[in-house]
Amino acid sequence: MQRKAYVPGIAVLLAALLVSCTGSSGSSGGSADDSKGSDTSTTAPAAQPGKYRTLPEACGAVGHDSLDSMLPGIKQIADADTRDKAYDGEATLTYDTDRRDGCRWKVESTSATDHLLIDFQRVVSYDNAVSDANKAEEIYGGEETTADLPEPADSSSGSTASTDTATPSSPSSSASPSSSPSSSSSATASPTETPADLQPRTLDGLGDEAFLNDKLSSASSAAQQRTVTVVFRTSNVIVTIEYAEQPTASTDAPDSKEMQDRARKLAQKLADTLNG
């Protein structure tokens with residue numbers, strides 16, 4: 001009877017040891033699964049795509065009213081077909097109009113030859129950590145740096161310079177022989193002075209950021225050409241306007257304020273088109 005009671009006791013002990021080993025193995029397996037799962041939770045989200053997925057057609061983005069203002073010779077073209085072709089412009093070479101599209105115009109008049117170029121660039125970032133808009137901001141910043149804009153001038157000096165260049169000679173000064181030489185000297189010097197508000201500069205209220213550049217070719221036997229450039233960025237699109245004029249007479253110089261006003265008005269219309 002005592003031997004029969006002893007055998008069940010050993011069986012209970014063996015069963016307890018078996019359960020203990022099985023539980024330990026399961027615990028270590030669960031720990032490995034948890035550590036593997038924590039690795040996948042650290043993936044960073046991709047940057048947001050740009051606001052714009054397409055671009056306007058460049059040659060159709062500039063209205064006839066803007067072209068009439070910026071290219072005066074276009075209305076002087078007698079032949080209707082030739083005039084319509086001048087309004088149409090010439091598309092610049094591009095391989096993907098959803099990424100880049102441009103158009104240029106060149107029109108001669110009796111007083112000058114005018115050039116206009118507009119360029120749309122839609123920026124796409126191929127870095128998941130950088131959004132399209134941030135990449136466009138980087139590219140725009142490089143263009144502004146390359147433009148090498150001067151430091152903003154004192155507004156008070158700008159207003160004085162503007163007044164000097166706009167004030168005509170008074171009748172009394174032209175009638176006095178003694179004052180004629182000084183008046184003539186002043187009139188000759190004033191066109192070379194650029195008022196502060198017409199200097200190359202950054203612009204407010206145009207897209208997310210914008211700048212204007214204004215260059216006059218060096219004096220030579222030929223007429224001086226003025227080129228006004230406006231560049232602005234809105235989200236992931238960068239727009240460039242290049243407007244140039246070369247007078248027929250070598251003694252003339254294109255008016256800076258007039259050309260800047262025309263270029264800025266066109267820039268605002270293009271910005272409205274993008275946001276429309």
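This is a predicted model: local features need pLDDT of at least 70, side-chain atom pairs count only at pLDDT 80 or more; totals for chains, interfaces and linings use all residues.
Figure 1. Strand 7 (residues 237-247) is largely enclosed by the rest of the structure, since nine of its eleven residues are buried.

**Figure 2. Pairing of strand 3 with strand 2 and with strand 7.** Strand 2 (residues 100-108) runs antiparallel to strand 3 (residues 112-122), and nine bridges connect the two. Within this pairing, glutamate 108 has threonine 113 of strand 3 as its bridge partner. Strand 3 also pairs with strand 7 in the antiparallel sense, here over eleven bridges, and in this pairing the bridge partner of aspartate 119 is threonine 240 of strand 7.

**Figure 3. The salt bridge between aspartate 119 and arginine 100.** Side chains of opposite charge can pair when their charged atoms come close. Aspartate 119 and arginine 100 form a salt bridge in which the closest N and O atoms are 3.1 Å apart. The pair links distant parts of the chain, with aspartate 119 in strand 3 and arginine 100 in strand 2, 19 residues apart. Aspartate 119 counts as buried because its relative accessibility is 13%, whereas arginine 100, at 39% relative accessibility, counts as partly exposed.

**Figure 4. Arginine 233 and its salt-bridge network.** Arginine 233 forms a salt bridge with aspartate 208, and the closest N and O atoms of this pair lie 3.6 Å apart. The two residues belong to distant parts of the chain, 25 residues apart, with arginine 233 placed in strand 6 (residues 226-234) and aspartate 208 in the loop between strand 4 and strand 5 (209-216). Through salt bridges that share partners, Asp208, Glu209 and Arg233 are joined into one network. Arginine 233 has a relative accessible area of 8% and is therefore buried. In the sheet, the bridge partner of arginine 233 is isoleucine 238 in strand 7.

**Figure 5. The hairpin of strand 6 and strand 7, with serine 235 between the strands.** Strand 6 and strand 7 pair in the antiparallel sense, and nine bridges hold this pairing in the assignment. The hairpin of strand 6 and strand 7 has two residues between the strands, and serine 235 takes a positive phi near 55° there. Most residues other than glycine have a negative phi, and most peptide bonds are trans. At 13% relative accessibility, serine 235 counts as buried.

**Figure 6. Aspartate 148 in the loop between two helices.** Aspartate 148 has a phi near 55°, a positive value in a residue other than glycine. The loop that holds aspartate 148 lies between helix 4 (132-147) and helix 5 (155-166). With a relative accessible area of 62%, aspartate 148 is exposed.

Figure 7. Lysine 269 counts as partly exposed, with 37% relative accessibility.

**Figure 8. Methionine 259 of helix 8 and threonine 227.** Methionine 259 has its place in helix 8, and at 1% relative accessibility this residue counts as buried. The C-alpha atoms of methionine 259 and threonine 227 are separated by 8.5 Å, although the two residues are 32 residues apart along the chain.

Definitions and conventions: Residues are numbered from 1 along each chain as its sequence is written. Side-chain values use heavy atoms; hydrogens and water are left out. Two strands pair if DSSP finds at least two bridges between them. Helices (H or I, at least four residues) and strands (E, at least two) are DSSP runs, numbered from the N terminus. Buried means under 20% relative accessible area, exposed over 50%, partly exposed in between (1.4 Å probe, protein chains only). A salt bridge is a side-chain nitrogen of Lys or Arg within 4 Å of a carboxyl oxygen of Asp or Glu.
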